[in-house]
Amino acid sequence: MSADDLREYMTEMQMAQASKFVSAMDKAEEARKKLVKALADKIEVTPEKIAEIKRTIAVKTRAAAERGETEVMVMRFPNTLCSDKGRAINNSERDWPESLTGRPRQAYEFWKEHLQPARYKLKALIIDWPGGLPGDVAFFLSWS
C-alpha cells in the first residue's frame with residue numbers, strides 16, 4: 001500500500017465515520033421530535049392512572065431513600081415543552097410553573113394536588129446545556 005493509498009483509505013474511513021455520526025444525529029433528532037409530540041399531548045387522568053403514578057413514585061422514592069438519598073428525578077423533558085424554552089426555570093422565577101405545557105404541566109399539577117400535601121418538594125432544573133444553551137429540564141422530588 002502506497003502512502004497515497006493509505007491517505008485515501010484514511011479519508012474514506014473518516015468519511016464513513018462522519019456519515020455514521022450524521023445518521024445517528026438524525027435518528028436522535030427524530031426521536032426527540034417524537035418525544036416532544038408525545039409529551040405535548042396531555043394524558044387522561046383517571047383514578048387508575050393516579051394510583052399507577054403514585055405506585056411508580058413510591059418505588060422510586062423508596063429505592064432512593066434506601067440508598068440514603070433525599071431526592072429523585074421523576075421527569076425529564078425537552079425545554080421546548082416550556083413556553084419560554086426554560087428561561088423562567090433557569091432564572092428560578094417564582095412563576096416558572098406557568099411556563100409548563102403538556103404532560104410536564106400535568107406532572108406539576110399532580111405534585112401540587114397529591115404530593116405537596118404530603119410535604120414533598122418539587123424542584124425544576126435545566127440539566128443539560130447543548131451548545132451553551134438551556135436544554136432538557138428535570139423535575140426532582142425531595143423529602144428532606
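User: Leaving aside its neighbours within four places in sequence, what is Arg 105 in contact with?
Analyst: In this predicted model, Arg 105 touches Pro 97, Glu 98 and Leu 100, once neighbours within four places in sequence are set aside. Contact means heavy atoms within 4.5 Å.

User: Before I go on, what are the ground rules?
Analyst: Residues are numbered from 1 along each chain as its sequence is written. Since this is a prediction, local features need pLDDT of at least 70 and side-chain atom pairs pLDDT 80 or more, totals for chains, interfaces and linings use all residues, and side-chain values use heavy atoms, without hydrogens and water.

User: OK. Which helix does Arg 105 lie in?
Analyst: Arg 105 is part of helix 4, which covers residues 102-115. Helices (H or I, at least four residues) and strands (E, at least two) are DSSP runs numbered from the N terminus.

User: And how far is Arg 105 from Ala 40, C-alpha to C-alpha?
Analyst: The separation is 9.4 Å, although Arg 105 and Ala 40 are 65 residues apart along the chain.

User: At what angle do helix 1 and helix 4 pack?
Analyst: Helix 1 (residues 3-40) packs on helix 4 at about 50 degrees, and their axes are 5 Å apart. Axes are lines fitted to C-alpha atoms, for helices over the stretch in contact, with angles from 0 to 180 degrees between N-to-C directions. So helix 1 is oblique to helix 4; under 35 degrees would be roughly parallel, over 145 roughly antiparallel and 65 to 115 roughly perpendicular, the rest being oblique.

User: Which residues make that contact between helix 1 and helix 4?
Analyst: Helix 1 contributes Ala 38, Leu 39 and Ala 40, and helix 4 contributes Gly 102, Arg 103 and Pro 104. By class, that is 4 nonpolar, 1 polar and 1 charged. Ala, Val, Leu, Ile, Met, Phe, Trp, Tyr, Cys and Pro count as nonpolar, Asp, Glu, Lys and Arg as charged, and the others, including Gly, as polar.

User: Now helix 2. At what angle does it cross helix 4?
Analyst: Roughly 85 degrees, with the axes of helix 2 (residues 47-66) and helix 4 coming within 12 Å. Helix 2 is therefore roughly perpendicular to helix 4.

User: What makes the contact there, between helix 2 and helix 4?
Analyst: Ile 50, Ile 53, Lys 54 and Ile 57 from helix 2 meet Phe 110, His 114 and Leu 115 from helix 4. This contact has 5 nonpolar, 1 polar and 1 charged residues.

User: Over how many bridges do strand 2 and strand 3 pair?
Analyst: Strand 2 and strand 3 share 6 bridges, in the antiparallel sense. For Lys 123, the bridge partner in strand 3 is Phe 140.

Technical notes:
Pairing = 2+ DSSP bridges.
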